[in-house]
Each structure stands twice: as C-alpha cells, then as structure tokens.
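Student: I would be grateful for a close look at one part of this structure, namely the place where the two chains meet. Please set it in the context of the chain itself.

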There are 2 protein chains.
Amino acid sequence: MPRADAARNRRSVLDAASAELAAHGLDVSIARIAARAGVAKGTVFNHFPSKEDLVAEIFGDRVAGLVAVGEDLRDAVDPGSALLRFMTAGIELHANDRSFCEAAASISRADPRVRNASEGLAQVAEDLTGRARRAGVIRDDVTGHDIVLLFNAAAQAAAPLGDTVPDLWRRYLHLIFDGLRPEAARQLPVAAPTTEDFNTAARHAQASTRDQRTRNR
Amino acid sequence: MPRADAARNRRSVLDAASAELAAHGLDVSIARIAARAGVAKGTVFNHFPSKEDLVAEIFGDRVAGLVAVGEDLRDAVDPGSALLRFMTAGIELHANDRSFCEAAASISRADPRVRNASEGLAQVAEDLTGRARRAGVIRDDVTGHDIVLLFNAAAQAAAPLGDTVPDLWRRYLHLIFDGLRPEAARQLPVAAPTTEDFNTAARHAQASTRDQRTRNR
DNA sequence: ACCTGAACACCGTTCAAGT
DNA sequence: ACCTGAACACCGTTCAAGT
C-alpha cells in the first residue's frame, strides 16, 4: 500500500515526463521533468529505476492506447477503411509526440511493458490486416507486422518537415497504402518478419546496452 | 597552408569518427573518437568547432557520394530500374551506418555542407523521377522530394530489425515502389513538399537549437 | 600554428541524511 | 516508507600552457 504523497508524486512525475517528452523529445533532462513535477531529482529515481524505465512506462501506455483503438476497429463495417484508420491513429501518435518517433526507433523491447504492448499491437494489427486481406482490399503477402512497420515508416518520412507541413504524413500514408493494394502487387524479394524475428532483435538490443554499460566502467 | 601534422590529424579524426559513428551511432563520445584517432580530445575541437559540425561534415560527404551515384544513373537505359537502383543506394547508406539513420532524422540543414549536399540530392532525385514519370513507370503526382523522403522511410521501417533480418529493407522498398506505380494510383490528400518547405524547416531547426543553448545558460 | 590536458557546466544516477 | 540534495562519473566544450 503506497503512501498518499508517494502516489501523488508518481502521477506528477508521469504527467510532467509525458508532456516534456512530447514537446522536446527523448533528450529532455530529468532535472526539467522533476522541476515541472515539483519534486527533487532523486524522487524521480525513487519511482523509476532509470530514465529508460520511465520512458518505457510512458511508451507502453501510448502503445496500449493504440491497441484499444485497433480493437474498436475490428468490428467496423469496411475492413479497408478500418485498416487505414488504424494506421492513421498510429501515425498521429508520432505526429503529436516528438519522443514517440525517437523511442519507436530506439526503445528496447526487453522491458515487459514495452513487450506486452508491442505484442498486443502486433495481434490487433494482424486481426485488422487479415480482415482486409480476406476482403480483397489489400494484397495477400502483407502481414500485421508489415503494417506496424509501415505506418512507422510513413511517420518517419514526414518527420523532417513535421513543423512546416504538419499533415504531410497523410500523403505518405496514402502513397504507401496504394502500394498495399492488389492492383500494383509484384513479388516481394524478402519474406515478412516473424514474431520470432522481433524477439531476437529485442535480445540483441538488451545485450548491446549491457555491453555499453560495462565498457564505461 | 596547413601544417603537415595538422592535415594528418584532421584525416585521422575524420576516419575515426566515420568508423565509430557507423558502428555505434550519434551517441559515441568525442573521447572515443579521439582515442581511436590517436589525438587528444582538444585536437578534435581544434579541427571541428563542435560535435555537430563534425557529424555534418561526414553526413555531407555520404550524401555527396549518393548524389554521384544518382548522376551516373541519369543515363541508364531503363528509367524505372535506374530510379529503383538510386533508392537502393540511398537505403544502403542507412543500412551500413547506424549514425546515418539518426542523422537523417535529426540533422539541421543550417550547415552549408549539409544544405549543399541535400540540394544536390533533391536535384538528382528530381531528374531521375522526371525520367521515370515521363516513361510512364511511376505515377505522375510523385516528385523527387517524395522519393528522397520515401527511401528514408523504407530504411527506417526496417531499422528496428536491422541486425536480425539484414535485408528486410528490400521488402519495404519494393512495397513502397509498388505504391509508386500508376496502376494503383489514387488521389493523394496532401500536395508534395516544395523546396521552400525544406528551407523553412531548416530555419526552424536552427532557431530551436539556438533556443536550447540559450535556455541552458 | 597547432597540440595537450586540466577545468567547466552539464548530464544520469546513487545514497546518506532527514521526515 | 518516502523525500531531499549533495556527491559521483560521465559528457561536450573551452582555454592557458606548451612545442
């Protein structure tokens, strides 16, 4: 049973971190977050063992929100527009949060919250993709993992101009989506990644950060 | 006229930085680079006013190399495969260099070397895209700027699995390329970015880094 | 003219001292 | 049981002292 002030501080830190990360990206200092939350720097580390862990918590929450959106869309009448709306929601996460873009590329799936959220995302993406595939609106060699990586790609494509042309990502989402249609499909040179691929990538990332810590001692 | 040892040191620093950045990404310390180059930390700053400047020099060189590849491809017999090979060369730059991915997303075009290289890239991309468009192999609403942003996107899509499935990017390159074909083309919701958009984005980036420096004083 | 390494202001993280 | 702020090892950057 946590103390009342501790629970309040935890929430303050999460809210402050959430806002600061969205506005300034992964490079915001813990000092800034602590100041915004009205606590001492040490208190942040009292609730979260490291900055990476704090980021993982927030990232996991955001992804879980996207999973919820996806689950609602599984019952939509039009499987094609449901898939497109799911991808749109995914990109909006990137567009509204500077740190989400950076974290999506760099975060380690070793953290269980990130891992759970990612697996939930893969699952719902596969559901939506399967429906669209069976309805014949997308080509039959595209998987849920592809979809997750591709809306990520659309967001990253537009990111360099994000402040100047705020909705440019819509252009690349639609361009990529046109590539998913059966009309233009040609044989792809490499197979879709498997769940196992994602897991071994997670293990590699974990090993490499451990190496880095060791090197610095 | 630079002193002989100074010229040699400059080269050593560039070579060391080039290798370390490719292997470990933008986060490598100047200390590591200096050690590899066999010089004192201060010597690095003697040749390059800041880490950002050193990165800009190397990034500009890499992009210039890609421009040269693109220029050779302008005379290729098949405009479609010339464009595809250009995009392939662009992604290979990302795949072989961890820092290139990160820099492509974060680097400021305020630096004249980056700016010149980027403008050269935009030019040659537009040449190749124009030929492919006139040959009817890609849709007519796609520009050279789109192409640059899109091969970037394909590289970023595959990056999370880069160590596990090294040639996964080929899958997304071809998937995106299929979206460029006229067969699947539908009206896009947002216009292509203009050169002016890239320039105002560069000015914004410059202003925001200046703010950050000021805030820290 | 350039190289060097000590010094500075920052960062994430730890921890003894408080309540 | 939790909060605090001083202390630590790192980082990029500066600069006086050397050659």
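Tutor: The following account begins with the chain, turns to one pair of helices, and then examines the contact between the copies.

The model is a predicted one. Chain A has ten helices and zero strands, so its pattern along the sequence is simply one α after another, α-α-α-α-α-α-α-α-α-α. Its C-alpha atoms fill a box of roughly 60 × 40 × 35 Å along the principal axes.

Arg10(A) and Glu57(A) form a salt bridge, with their closest N and O atoms 3.3 Å apart. Arg10(A) belongs to helix α1 (residues 4-24) of chain A, while Glu57(A) belongs to helix α4 (residues 51-73) of chain A, so this pair ties together parts that lie 47 residues apart in sequence. Over all chains, the count comes to 36 salt bridges.

Next, consider two helices of chain A. Two packed helices are described by the angle between their axes and the distance between the axes. Helix α8 (residues 144-158) of chain A and helix α9 (residues 168-180) of chain A have axes that come within 8 Å and cross at roughly 145°. The crossing of α8(A) with α9(A) is right-handed. From α8(A), the residues in contact are Ile147(A), Leu150(A), Ala154(A), Ala157(A) and Ala158(A). They meet Leu168(A), Trp169(A), Tyr172(A), Leu173(A), Ile176(A) and Leu180(A) of α9(A). By class, the residues of this contact are eleven nonpolar, no polar and no charged.

We now come to the meeting of the chains. Two copies of a chain are related by a rotation about an axis and a shift along it.

The contact draws 44 residues from chain B and 44 residues from chain A. Because 100% of the interface residues of chain B are also interface residues in chain A, the copies meet through the same surface.

The area buried between chain B and chain A is about 4,100 Å², and carbon and sulfur atoms give 64% of it. On the side of chain B, the residues that lose the most area to chain A are Arg171(B), Leu175(B) and Val190(B), which together account for 16% of what that side buries.

Charged pairs also join the two chains: the count between chain B and chain A is six salt bridges. One salt bridge links Asp178(B) with Arg139(A), whose closest N and O atoms are 2.9 Å apart.

Key:
Residues numbered from 1 in each chain as written. Chains lettered and ligands numbered in written order. Predicted model: local features only at pLDDT ≥ 70, side-chain atom pairs only at ≥ 80, totals over all residues. Heavy atoms only, no water. Axes fitted to C-alpha atoms, helices over the stretch in contact; angles between N-to-C directions. Helix = DSSP H or I, 4+ residues; strand = E, 2+ residues; numbered from the N terminus. Left-handed = near helix turned anticlockwise from the far one by under 90°. Contact = heavy atoms within 4.5 Å. Nonpolar A, V, L, I, M, F, W, Y, C, P; charged D, E, K, R; others polar. Buried area = accessible area lost by both parts, 1.4 Å probe. Salt bridge = Lys/Arg side-chain N within 4 Å of Asp/Glu carboxyl O.
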